[in-house]
Every structure is written in C-alpha cells, then in structure tokens.
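Consider the sequence and fold shown here. The paragraphs that follow take up a sheet, a pair of helices and a cavity in turn.

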Amino acid sequence: MKANDFGPNSAGKLSSVTPFWGGNHCFDPDPLPPVWEFSAELWPLVNEANKQLMLLEGIGRSLPNPTLILRPLRDREAILSSRMEGTIASPRQLLLYELDPREAASEDDPRNMHREVANYARALDYAMTSPLPTSLTLIRQLHAILMDGVRGKDRDPGQFRMQQVAIGTSARYVPPAPNRLQDFLDAFDTYLHYDGRKYDPLVDCFLVHYQFETIHPFTDGNGRVGRLLLALMIQRLCGMTQPWLHMSEYYEADHQKYCDLMYRVSTEGAWADWIAYCLIGVAQQAKRTIERCDRLRSLRDDYYQRLAGKPASLRLKQIIDGLFQAPVVAIADLPQSIGVTYPTAKSDVAKLVKAGVLAEFPDHHPKTYYAPEIFAIAYEGLE
C-alpha cells in the first residue's frame with residue numbers, strides 16, 4: 001500500500017503493522033458519520049434516486065405476485081455480484097443447479113462455482129426474511145451461508161478474520177490489523193443501530209457500504225457480503241416492502257471505477273464523488289428494473305391470452321405463474337407441485353411447448369424445459 005496516496009483529507013489514518021507481503025501499513029477508517037459537509041450539488045441526485053426508487057416500489061406493489069420480478073432480480077444479483085469476485089455461472093447453470101443441487105465431484109467441477117452463486121441467492125433470501133436487525137450478528141450469519149461448502153469454507157465461515165489481509169494483486173489497499181479489528185466493528189455496529197443519522201437514508205446506505213468494505217472484516221467473501229448488506233439496507237432504511245433494488249449490475253459494469261472511487265474516499269475523503277456515483281446508479285438501476293418489470297407483466301398477460309379457452313387453461317396458468325418464479329421446469333416435478341399425474345403433467349407441458357411458452361433444454365436428463373421469453377427478459381445480458 002502506497003502511504004503517499006493518503007493525504008490530509010483522508011477518511012482515516014495509516015497505522016503500522018508487522019511487515020508482510022502487503023507492506024508496513026494498514027488503513028484505519030474513521031468511524032461513521034464522516035466529517036463531511038453534504039454538498040448542495042448532490043440534492044438533485046438524491047431527489048431523482050428517491051423518485052425512481054418510489055416508482056419502482058409502486059410498480060412492485062401493483063404486481064399480482066411479487067415473485068414475478070423478485071426471483072429474477074435475486075438471481076441477477078447473485079450472478080453479477082459473484083462475477084465481480086471471479087465466480088462465473090450463467091443463468092441456465094444456476095437454475096439447473098438449483099433443480100439438482102448435487103455435490104461437486106472434485107475441486108475442478110464447475111458445480112463449485114454454481115454452488116457459490118446459489119449460496120449468494122440463499123443468503124439474499126435469508127437476509128430479506130430474517131427478523132434480526134441489521135447487525136454484526138446478521139452479517140456473520142450471511143457470511144456463513146455464503147461460504148457454505150465452497151472455496152473459502154476453510155476460512156472460518158461466519159467468523160471475523162484473525163489474520164492480516166490485503167486487497168489487489170499489489171496490495172493496493174490494506175484494511176485494519178486483526179488485533180484491532182473488533183474496535184472498528186464495534187463502532188460500525190453502533191452506527192448501524194444509531195437513530196440520529198443526519199443524511200438521507202439512501203446516502204446513509206452508501207456510507208455504510210463504503211465502511212464495511214473498508215474494514216474488510218472477513219478473510220474472504222467481503223465484497224459479496226457487503227453488496228448483500230447494501231440491498232438489505234436499501235430495503236429497510238428506505239421503507240421498501242421488498243428488495244426491489246440491487247446495485248451489482250451497475251458496479252460490475254465498471255468494476256475498476258467502483259474500486260477507485262472507494263479508494264479515493266480513503267485517500268482523499270472524496271465522499272461527494274462516491275455518493276454521486278452511487279445515487280446515479282440507484283436511478284439507473286431502478287429505471288431498468290421498472291422497464292424489466294413492465295415487460296414481464298405484459299408477457300404474463302400475453303401467455304394468458306394464448307391459452308384462453310383451451311382445455312385445462314387454469315392448470316396451465318398455474319404452471320405459467322410458477323415459471324415467473326423460476327423459468328425452468330422438469331416434468332417429473334410437476335405432479336407434486338400442481339397435484340396431477342405424470343401423464344397429465346407431460347400433456348400440459350406439451351401444450352405449453354406448442355403455445356410457444358416452453359422449449360426443451362437440449363442434452364439434459366431428465367427432460368427439462370424453460371421459458372425462453374421469460375428467460376430473455378429476466379436474464380438479459382447475462383448469458
């Protein structure tokens with residue numbers, strides 16, 4: 001870590017550490033809230049971000065079934081957040097893995113990566129349904145789910161680190177030393193429970209996101225846990241009924257900029273640039289999600305029209321509604337899920353194939369089908 005990068009306006013201070021491959025210094029961030037005057041130039045960005053967020057909340061509330069958009073949003077976030085850490089799984093691989101979550105046969109088995117992404121989705125589901133307040137306890141639980149049975153499983157899942165770590169191939173950034181880590185975590189936890197915050201809730205979410213990533217409390221998985229925490233805080237602090245907004249798509253589009261702006265907060269105290277970047281991202285992601293939500297809702301109506309008046313249309317609509325939760329279905333799973341015999345399930349799937357709703361996954365056993373049009377909208381740009 002280059003000590004000369006850190007100027008007088010830095011959002012913390014450098015401390016000496018026992019020399020290791022990352023150098024002789026680590027960065028100790030100042031506790032929140034920052035010593036920073038909120039710039040008046042940021043207010044239009046705050047207003048636009050909140051406007052788009054509330055439009056998204058309204059669209060989401062109007063859906064007959066929130067899972068119409070929640071499951072695709074969850075999966076996009078899991079795929080993109082994991083991709084930022086070098087874990088690659090396509091939407092098809094994730095969906096097929098969740099249908100058949102068998103253990104990987106070896107360290108090189110691609111199912112290891114599929115499980116990492118599936119774990120992220122599991123952790124996100126857990127975060128959004130947990131009764132626990134946003135706290136260190138919840139954060140540790142999320143980390144334990146995320147690291148369950150994957151690379152890093154030997155790095156104390158659910159436990160804060162007890163060793164020095166560094167970020168970047170040349171140790172560009174070195175977070176606090178492990179012997180003082182708990183002090184920073186205690187201050188962080190105090191702020192999470194603090195009622196007298198002086199910033200707009202959205203702004204506060206990004207202050208907390210910076211602080212978490214800067215403290216870097218785990219040996220592995222900090223980026224993914226930090227983005228999980230961000231999605232949870234946006235939902236809770238902004239009074240949203242569901243986790244409609246995720247930021248990994250925006251951050252992943254220019255990962256280097258994301259890292260550079262956080263680094264500049266540490267070195268220069270460049271809070272305004274970091275917050276502006278994040279607020280622009282909120283408005284952008286909310287607009288994209290609204291557009292995707294409208295397209296999925298229209299497609300659902302179109303599917304219903306294709307089946308109007310056909311035999312067993314009510315049962316077929318039940319299958320269609322399930323496709324908006326997960327656009328993959330195996331005939332063998334339908335008898336239990338919709339209460340029919342196997343021959344009836346097979347016949348229903350054939351009708352949906354003929355109507356253009358389903359298509360068969362090639363070279364997959366047992367026979368598995370997916371909804372290409374749902375897939376194209378929900379996972380656009382991820383294949």
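Which residue in β5 is the bridge partner of A359? The model is predicted, and in it the partner of A359 is Y370. This pair belongs to the contact between β4 and β5, the latter spanning residues 368–370; the two strands run antiparallel and are joined by 2 bridges. Strands of a sheet pair through backbone hydrogen bonds, in either a parallel or an antiparallel manner. Here the sheet is open and has 3 strands, ordered β3-β5-β4, with antiparallel pairing. Its edges are β3, residues 328–330, and β4, residues 359–360, each of which pairs on one side only.

Next come the helices. Two packed helices are described by the angle between their axes and by the distance between those axes. For α3 (residues 91–99) and α4 (residues 111–129), the angle is about 85° and the axes lie 9 Å apart. Angles from 65 to 115 degrees count as roughly perpendicular, and α3 and α4 are therefore roughly perpendicular to each other. On the α3 side the contact involves Q93, L94, Y97 and E98, which meet R111, H114, R115, V117, A118 and A121 of α4. Sorted by class, this contact has 5 nonpolar, 2 polar and 3 charged residues.

The structure holds 1 cavity of 30 Å³ or more, and the volume of the largest cavity is about 90 Å³. Its lining is made up of L73, R76, E77, L80, H246, S248, E249, Q285, R288, T289 and R292. At least two lining residues come from each of α2 (67–83), α9 (248–253) and α11 (271–307). By class, the lining has 5 charged, 4 polar and 2 nonpolar residues.

Notes
Residues are numbered from 1 along each chain as its sequence is written. This is a predicted model: local features need pLDDT of at least 70, side-chain atom pairs count only at pLDDT 80 or more; totals for chains, interfaces and linings use all residues. Side-chain values use heavy atoms; hydrogens and water are left out. Two strands pair if DSSP finds at least two bridges between them. Helices (H or I, at least four residues) and strands (E, at least two) are DSSP runs, numbered from the N terminus. Axes are lines fitted to C-alpha atoms, for helices over the stretch in contact, and angles run from 0 to 180 degrees between N-to-C directions. Angles under 35 degrees count as roughly parallel, over 145 as roughly antiparallel, 65 to 115 as roughly perpendicular and the rest as oblique. Contact means heavy atoms within 4.5 Å. Ala, Val, Leu, Ile, Met, Phe, Trp, Tyr, Cys and Pro count as nonpolar, Asp, Glu, Lys and Arg as charged, and the others, Gly among them, as polar. On a 1 Å grid over the protein atoms alone, a cavity is a set of points where a 1.4 Å probe fits but cannot get out, and a pocket is an open set with protein on both sides within 12 Å along at least five of seven lines; lining residues have an atom within 4 Å of a point. Grid points are joined across faces, edges and corners, and a volume is the space filled by probe spheres set on the points.
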